[in-house]
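Have the 3D view open and follow along.

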Amino acid sequence: MTKRHAGGAGHAVDPQTSAVPVRHGALLAAIIALVVVLSAAIYIGVSADDGSGDRNNLAAGRTPHNSAAPASTGTWVGAWSASPVGAEPGTETHGMAGRSIRNVVHASAGGTSARITLSNLYGQQPLTLTHVSLAVAATPNNAAAAADTMRRLTFGGNPTVVIPAGGQVMSDAVRVRIPHGADILVTTYAPAESGPVTYHPHARQVSYVADGDRTEDVTSTAYTEQSDYWRYLTALDVLSDEASGTVVVLGDSLTDGITSTVGANHRWTDVLSDRLRAAAGSGDTPRYSVVNQGISGNQVLAAGLGRPADNPSGLSRFGRDVLDRTNVRAVVIDLGVNDILRNPNQVDPATVTDGLRKLVRQAHARGLRVVGATLMPFQGHRGYTDAREAVRQAVNAEIRSGKVYDDVVDFDAALRDPYNPRRLRSDYDSGDHLHPSDKGYRKMAEVFDLDDLKGSAPAEL
């Protein structure tokens, strides 16, 4: 009689007793089949879980502890980002000890999982955070979380993270549906004094602060203090099912959106993001998210004081703020006005364009295409002089010649007054004769050719 094998054990069955094991073998086969079916059901349930399995815990006021993101399909892209600018004044000793900081950020791409980056770049001692959470806001410009979206974040599996002075850390991925265009709440709690807080001022977005550890509080009741800063948080990534890469925009206050309406997401990069999403799937328009790396007052060449420098130059921060962002596919640069305005002497136009070329070379070394902007007019602004206007014109002439960037978006031509090209058109002017109005920011995004974002870097300029 032929030998049998039970299961996967590989043991031979005694031929003299084979009549008895037949029933046992049939029973064992049935058990194995049942196990396989149950295992498949469990696997499918875990793979398809969108976080709804944690609803009972959330409804009862408990945060799920099993929401770590499983292996899934999609592409990690940047959904939001902001550059660290300096140490927040008044936090030199105590930091934000004993307080919950609820940052509100706007997602430029949707996804099925999320992770964040926290920075202690300007800290002078390790920053200990014992509790960090992420949730989708219940409504725009609100500190309350939408039902069933509150997630506790971990770092290497631990809820507590210590970020060294000058360092940053990325969280573990957490499974949660991030809708495109939603406000996302990222809350941190530091129990002890931590020294200077790394922050981004001029957020044009209201965030919130509460006393005590209110990290997983889904209501807004405790968040009585408002803030126009982003603290510690520098990036939100999503495992996207709608975007395949990230566009990074490096700029100054014109990109930071300093005069745009607070809480309305009317920066020109916000409108560019909306245009890309609307055009996705039509023709070969790339399916990219957009992240904003603008810093008000930023220059190509010069940085502020301190170590690390406040308001670091475009050249010094390009690696961190552009090349190190998630899944970067294209770069947009709108810098140079502050190199002209903030130089006490007349700057050489070639100094500015040479600095811009250095940025482009760094991007090309990664195979990234670079779209650059002409510098918009500023007559009527307190820093205007005829000599500075001449420098702006010379820089723009070099940019338009095609000798600086791969492609050019002509913000100057789009927003200048046709009757006086040294000034912004009145309805595009916020009133300070340097920064655009909401209408002006929209115009900047509308004149951007989305096709310029396609492809990789061409031959060296």
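Predicted model: local features only at pLDDT ≥ 70, side-chain atom pairs only at ≥ 80, totals over all residues.

Let's start at a helix contact: on the H5 side, Gly-314, Leu-315, Phe-318, Gly-319 and Leu-323 touch Gly-355, Lys-358, Leu-359, Gln-362 and Ala-363 of H7.

How do the two helices lie against each other? H5 covers residues 314-323 and H7 covers residues 349-365, and they pack at an angle of about 30 degrees with their axes 10 Å apart. Angles under 35 degrees count as roughly parallel, so that's the label H5 and H7 get. Their crossing is right-handed.

Now for another pair, H4 and H10. H4 spans residues 268-279 and H10 spans residues 438-446; here the packing angle is about 45 degrees, and the axes sit 8 Å apart. The two helices are therefore oblique to each other. H4 goes past H10 in a right-handed crossing. On the H4 side, the contact is made by Trp-268, Val-271, Leu-272 and Arg-275, while H10 brings in Tyr-441, Arg-442, Met-444, Ala-445 and Glu-446. That contact splits into six nonpolar, no polar and three charged residues.

Here are the two pairs side by side:

| Helix pair | Packing angle | Axis separation |
|---|---|---|
| H5 (residues 314-323) and H7 (residues 349-365) | about 30 degrees | 10 Å |
| H4 (residues 268-279) and H10 (residues 438-446) | about 45 degrees | 8 Å |

On to the strands. Six of them make up an open sheet, and reading across it you get E7-E6-E11-E3-E13-E14, with antiparallel pairing. Which strands sit at the edges? Those are E7 (151-152) and E14 (225-227), each of which pairs on one side only.

Zoom in on the E7 end and you'll find E6 (residues 131-136) running antiparallel to E7, with two bridges joining them.

Finally, a word on confidence. The mean pLDDT of the protein is 87, and 84% of its residues reach 70 or more. Where does it stay under 50? That happens over residues 1-67. For that stretch, the model has 45 contacts beyond four places in sequence.

Definitions and conventions: Residues numbered from 1 in each chain as written. Heavy atoms only, no water. Axes fitted to C-alpha atoms, helices over the stretch in contact; angles between N-to-C directions. Helix = DSSP H or I, 4+ residues; strand = E, 2+ residues; numbered from the N terminus. Parallel < 35°, antiparallel > 145°, perpendicular 65-115°, else oblique. Left-handed = near helix turned anticlockwise from the far one by under 90°. Contact = heavy atoms within 4.5 Å. Nonpolar A, V, L, I, M, F, W, Y, C, P; charged D, E, K, R; others polar. pLDDT = per-residue confidence, 0-100. Pairing = 2+ DSSP bridges.
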